[in-house]
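Please keep the sequence and the model in view while reading.

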Amino acid sequence: MTQEAILEVAGLSKVFESGGFFKPSYSVKAVQDVSFELHKGETLGVVGESCCGKSTLARCVLNLIEPTEGDIRLEGASLASKSKKAWRDLRTRLQVIFQDPFSSLNPKRKIGLTLAEPLKVHEGKSYAEVRPLLEELMKEVGLPASALDKFPHEFSGGQRQRIAIARALVLKPEIIVADVSVQAQILEMLDRLQEEHHLSYLFITHDLGVVRNFCDRTLVMYLGRVVEAGPVDALLDNPFHPYTRSLRDAAPIPDVSSRKSLAMLEGEIPSPANPPSGCPFHPRCKSATDICSVEFPKTVKKGERSYACHNPNE
């Protein structure tokens, strides 16, 4: 795997303003100062509990929502000032697989017409022209060509997931942002497609088993911030951040004899609208000291790894 970065994110933040005439206004810091690189041919996982900012980060990268601060670069070129027309052209290089494969498919359109739409918009091709390509694409994702003539409700959830993957592939992108819950067979297929199509994945998940078996590197997010990052095996074998360790230890392991004593997380993740002072994890952290409640830790880099913690598990 080459270390050439195809996507670079620097200082990305997203703040949602809420409230109105009859409600007090407040800000929700959904993503705070996130930076990372995605290398060509790599799968970068983004992991964390619900409300940690994973999906908001993905939507910012895709320009489905506009970041409040920060820069996103595609092969060194900033995307911040791109026009709508320029972004339409970029869609051929940057595609998405949404979390819910049913709601992201038009229930009133046959699958073939849904898959042909991007080729009509971007390349001006008719359905008759692209039908052979779509049949080949169906074969690649393990579905018969006859699937093109059916409606979404005629498929199972796993089959709709395959259709969503086919739609992401139809424009031959370089990067796919995947916000999905998947089975082992789907992961194996994504792995094969990555090699055949030279894809880079930004993979959004809460499942550390998926991260362990599918990703090359991972970002661990908590309340909008990256608290730890690095190569998957090193990070999960020896987590520096107490939050990463708790996630790892709480993940189910089939072999009972291999299970470690669980560093279970206590309490609920705080509201992004009213985050704790200092390190946002300190109210739930057994390693917290006085400084943790008043000062957010600086990011420490160690080789390919980084973490933000006053009391790391070294």
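Which backbone nitrogen does the side chain of Glu154 reach at 2.8 Å? The side chain of Glu154 reaches that of Phe151. A polar contact is defined as a pair of N or O atoms within 3.5 Å; within protein, one must be able to donate a hydrogen and the other to accept it, and residues adjacent in sequence count only if both atoms are side-chain atoms. The model is a predicted one, in which local features need pLDDT of at least 70 and side-chain atom pairs count only at pLDDT 80 or more, while totals for chains, interfaces and linings use all residues. Residues are numbered from 1 along each chain as its sequence is written, and side-chain values use heavy atoms, with hydrogens and water left out.

Glu154 is located in the loop that runs between α4 (127-140) and α5 (157-169). Helices (H or I, at least four residues) and strands (E, at least two) are DSSP runs, numbered from the N terminus. With a relative accessible area of 42%, Glu154 is partly exposed; buried means under 20% relative accessible area, exposed over 50%, and partly exposed in between (1.4 Å probe, protein chains only). Between the C-alpha atoms of Glu154 and Ile165, eleven residues apart along the chain, the separation is 17 Å.

Glu228 belongs to strand β10 (residues 225-231) and is buried, its relative accessible area being 0%. Its side chain makes a polar contact of 2.8 Å with the side chain of Arg305. Contact in general means heavy atoms within 4.5 Å. Leaving aside residues up to four places away in sequence, Glu228 touches several residues, including Thr218, Leu235, Phe240, Thr244 and Tyr307.

Attention may now turn to strand β1 (residues 5-18), which holds Val9. Val9 is buried, at a relative accessible area of 3%. Although Val9 and Asp71 are 62 residues apart in sequence, their C-alpha atoms are 5.9 Å apart in space. Beyond the residues up to four places away in sequence, Val9 touches Val34, Ser35, Phe36, Val61, Asp71 and Ile72.

Cys51, in the loop between β3 (43-47) and α1 (54-61), has a phi near 70°, a positive value in a residue other than glycine. Cys51 is exposed, with a relative accessible area of 56%. His198, in the loop between α6 (184-197) and β8 (200-205), has a positive phi of about 55° although it is not a glycine. His198 is exposed, with a relative accessible area of 65%.

The chain as a whole has nine helices and twelve strands. Its radius of gyration, taken over C-alpha atoms, is compared with a globule rule of 2.2 Å times the number of residues to the power 0.38. For 314 residues a compact globule would have a value near 20 Å, and the 21 Å of the chain agrees. Along its principal axes the C-alpha trace spans about 70 × 55 × 40 Å. Buried residues make up 46% of the 314 residues. Of the contacts with a separation of 6 or more, 63% are accounted for by residues 24 or more positions apart.
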